[in-house]
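Here is a short briefing on helix packing and aromatic pairing. Please view the sequence and the model first.

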Amino acid sequence: MISFLFSSRSSKTFKPKKNIPEGSHQYELLKHVEATLGSGNLRQAVMLPGEDLNEWIAVNTVDFFNHINMLYGTITEFCTKASCPVMSAGPRYEYHWADGTNIKKPIKCSAPKYIDYLMTWVQDQLDDETLFPSKIGVPFPRNFMSVAKTILKCLFRVYAHIYHQHFDSVMQLQEEAHLNISFKHFIFFVQEFNLIDRRELAPLQELIEKLGSKDR
């Protein structure tokens, strides 16, 4: 979505990019997102443009996945089993992985392993046409909103890990402006539609308040 900000060095993707089919209604919505983002008003960019709410959330969720994928891809060499033996967002927040299907009981694992599990799981959901239909006229399933909320909660955890454990590396790469814009857009979006529980946002609450106060 804001990929034009990235240098070629930072365009490594951690997972294959999820493409929205060109010519589809969702592709037009994506173009609308890019145009409103270009105006610099992120509060306006996240507002529902008179469209189906599910479709708007689907398009943005795919886009956030692609973006966090690219951001994490720039720091994978710093996020290793040795440097990050547990998946955390600061000393008070540790995440254990379970997907409810292959891994039912939460397991403790290194951050790169956790993020690999997480991004693979998210990609599987996004690729599932019954959950994220790309064809016009195909309805979204009844459980779409709960799946989208879970995906966004997962993506937030990757942001939280990057900020808490790898911000020095992000600064070394001179990517902090890109990370901040991406995260600000993400947060404004989930706040606009109440998609992530406030307790889940606690690891980055101070930053979220700071980003929000700048926009008032």
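Which residues form one aromatic cluster? They are Phe64, Phe156, Tyr159, Tyr163, Phe167, Phe183, Phe186, Phe189 and Phe193.

The model is predicted: local features need pLDDT of at least 70, side-chain atom pairs count only at pLDDT 80 or more, and totals for chains, interfaces and linings use all residues. Residues are numbered from 1 along each chain as its sequence is written, and side-chain values use heavy atoms, without hydrogens and water.

**Aromatic pairs**

- The count comes to 14 aromatic pairs (Phe, Tyr and Trp rings, the six-membered one for Trp, with centres within 6.5 Å; planes under 30 degrees apart are stacked, over 60 edge-to-face, the rest tilted).
- Phe64 and Phe186 pair edge-to-face, at 5.2 Å centre to centre and 80° between the planes.
- Phe64 sits in helix α3 (residues 53-75) and Phe186 in helix α6 (residues 176-192), so this pair ties together parts 122 residues apart in sequence. Helices here are DSSP runs (H or I, at least four residues), numbered from the N terminus.
- Phe64 and Phe186 are buried (under 20% relative accessible area; exposed is over 50%, partly exposed in between; 1.4 Å probe, protein chains only).
- Tyr163 and Phe183 also pair edge-to-face, with 5.3 Å between centres and 65° between the planes.
- Tyr163 belongs to α5 and Phe183 to α6, so the pair links parts 20 residues apart in sequence.
- Tyr163 and Phe183 are both buried.

**Helix α3 against helix α6**

- The two helices pack at about 155°, with axes 11 Å apart (axes are lines fitted to C-alpha atoms over the stretch in contact; angles run from 0 to 180 degrees between N-to-C directions).
- That angle makes α3 roughly antiparallel to α6 (over 145 degrees; under 35 is roughly parallel, 65 to 115 roughly perpendicular, the rest oblique).
- The crossing of α3 and α6 is left-handed (the near helix is turned anticlockwise from the far one by less than a right angle; clockwise is right-handed).
- From α3, Trp56, Ile57, Asn60, Phe64, His67 and Leu71 meet Leu179, Ser182, His185, Phe186 and Phe189 of α6 (contact means heavy atoms within 4.5 Å).
- By class, this contact has 7 nonpolar, 4 polar and no charged residues (Ala, Val, Leu, Ile, Met, Phe, Trp, Tyr, Cys and Pro are nonpolar; Asp, Glu, Lys and Arg charged; the others, including Gly, polar).

**Helix α4 against helix α5**

- Helix α4 (residues 111-127) packs on helix α5 (residues 144-172) at about 150°, with axes 10 Å apart.
- Therefore α4 is roughly antiparallel to α5.
- The α4 and α5 crossing is left-handed.
- The contact of α4 with α5 has 13 nonpolar, 3 polar and 1 charged residues.
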